[in-house]
Amino acid sequence: MKSKLAIIGYGSIGMRHAEILKNNFIIRVFSKRKHKNKKKISFFDNINECLDGCDFAFICSNTSEHINHINICLKKNIHIYCEKPISNNLYGINNLPKKKFFNKCQIYLGYQLRFDYLILKAKKIIEEKKFGKLLHYRGFVGQNLTTWRQNIHYTKSNSFSKEKGGGVLLELIHDLDLIFYLLSEIKFFSGFSSRILFKNSDVEDIASINFKTKSGVVGNIFLDMVSPFHKREIQLTFEKKTLNLDLVNSTISEISNKKNYKSHIINNDRNKIFLRCHNDFFKKTKLKSFTKLNNTTISHNQKLLRIINSVKSKYI
């Protein structure tokens with residue numbers, strides 16, 4: 001018999017999760033908006049009814065609601081897959097009921113970019129030191145907020161609202177997470193944020209961060225939601241070569257003074273990236289104890305939020 005799986009929040013990400021998972025689970029969706037039941041998907045306007053009998057919950061609600069929804073699921077001993085970021089502030093994270101519930105079920109953060117084939121390939125090259133020691137990391141992510149979501153006006157989106165957990169730093173926390181995933185923990189950092197286009201918003205629309213990791217890699221990353229076209233690129237400078245990753249067009253380039261070639265990564269569609277992330281989540285729900293895993297997850301996200309809060313405070 002199929003397990004019941006709840007999806008809390010039915011925006012674009014919640015819809016994607018539902019479509020990917022509906023053939024293997026009984027999908028129950030909690031949404032504040034009214035929806036008619038679909039084939040293999042049932043809708044509820046009461047969260048407790050939605051969670052009744054569920055083994056897993058995917059939290060895809062507003063960032064500002066994540067901690068409340070996590071607490072509800074923890075008390076029901078339901079394994080949690082939470083969309084990033086875990087919260088829009090540190091207060092909620094610091095007050096999660098760790099001792100009482102942390103060993104009973106998993107809290108997993110959906111950093112799907114970790115499962116992009118380009119990122120997996122780059123991680124292997126770094127770990128094997130294929131091109132020598134990694135010296136420098138440069139990241140750039142940009143896309144105009146007006147083009148992010150097709151089903152809602154940008155001024156009504158969570159990204160546009162500080163109260164709902166918007167702003168470029170929280171929205172693009174994936175890319176900050178990749179620094180930790182590919183390299184190591186950030187030891188030193190400095191940065192700034194600003195609002196240069198969406199003057200009628202209360203969130204930052206650009207941010208720049210310089211950093212040095214514990215492993216000695218120096219780098220910088222620039223994030224914006226003002227660029228006229230979508231771009232997500234990482235440049236890794238090694239002793240022997242430079243590696244350019246284009247995550248939008250799924251290409252990887254190896255550049256040296258002797259030869260320059262580009263190889264195209266195929267079958268890197270977004271649903272497969274999500275599916276690899278899902279599989280990692282479900283695999284970890286089979287562990288006998290979750291305390292250490294959950295503490296590591298919470299600690300990592302606290303570090304990310306501290307960096308974000310610091311960069312937000314350097315507003316220019």
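The lining of the second largest pocket draws at least two residues from each of strand β6, helix α9 (270-284) and helix α10 (291-313); helices (H or I, at least four residues) and strands (E, at least two) are DSSP runs, numbered from the N terminus. The largest share comes from α10, which gives five residues. A pocket is defined on a 1 Å grid over the protein atoms alone as an open set of points where a 1.4 Å probe fits, with protein on both sides within 12 Å along at least five of seven lines, and lining residues have an atom within 4 Å of a point. The second largest pocket holds about 320 Å³ of space, a volume being the space filled by probe spheres set on the points, which are joined across faces, edges and corners. Of its 15 lining residues, Tyr 108, Leu 109, Arg 114, Lys 284 and Thr 297 are the closest to the centre. The lining comprises seven nonpolar, five polar and three charged residues, where Ala, Val, Leu, Ile, Met, Phe, Trp, Tyr, Cys and Pro count as nonpolar, Asp, Glu, Lys and Arg as charged, and the others, Gly among them, as polar.

The model is predicted: local features need pLDDT of at least 70, side-chain atom pairs count only at pLDDT 80 or more, and totals for chains, interfaces and linings use all residues. Residues are numbered from 1 along each chain as its sequence is written, and side-chain values use heavy atoms, with hydrogens and water left out.

In β6, Ile 107 and Leu 109 point one way, Tyr 108 and Gly 110 the other, and all are buried (under 20% relative accessible area, 1.4 Å probe, protein chains only). Strand β6 runs parallel to β5, to which four bridges join it; Cys 82 stands opposite Leu 109. Two strands pair if DSSP finds at least two bridges between them. Six strands form an open, parallel sheet in the order β3-β2-β1-β4-β5-β6, with β3 (41-44) and β6 (107-110) as the edge strands.

Helix α1 (residues 12-21) packs on this sheet, touching β1, β2, β3, β4 and β5, and its direction makes about 165° with that of β1. Contact means heavy atoms within 4.5 Å; axes are lines fitted to C-alpha atoms, for helices over the stretch in contact, and angles run from 0 to 180 degrees between N-to-C directions. Helix α3 (residues 66-75) lies across β1, β2, β4, β5 and β6, running at about 170° to β5.

Note on methods: Buried < 20%, exposed > 50% of the residue type's maximum accessible area, 1.4 Å probe, protein only.
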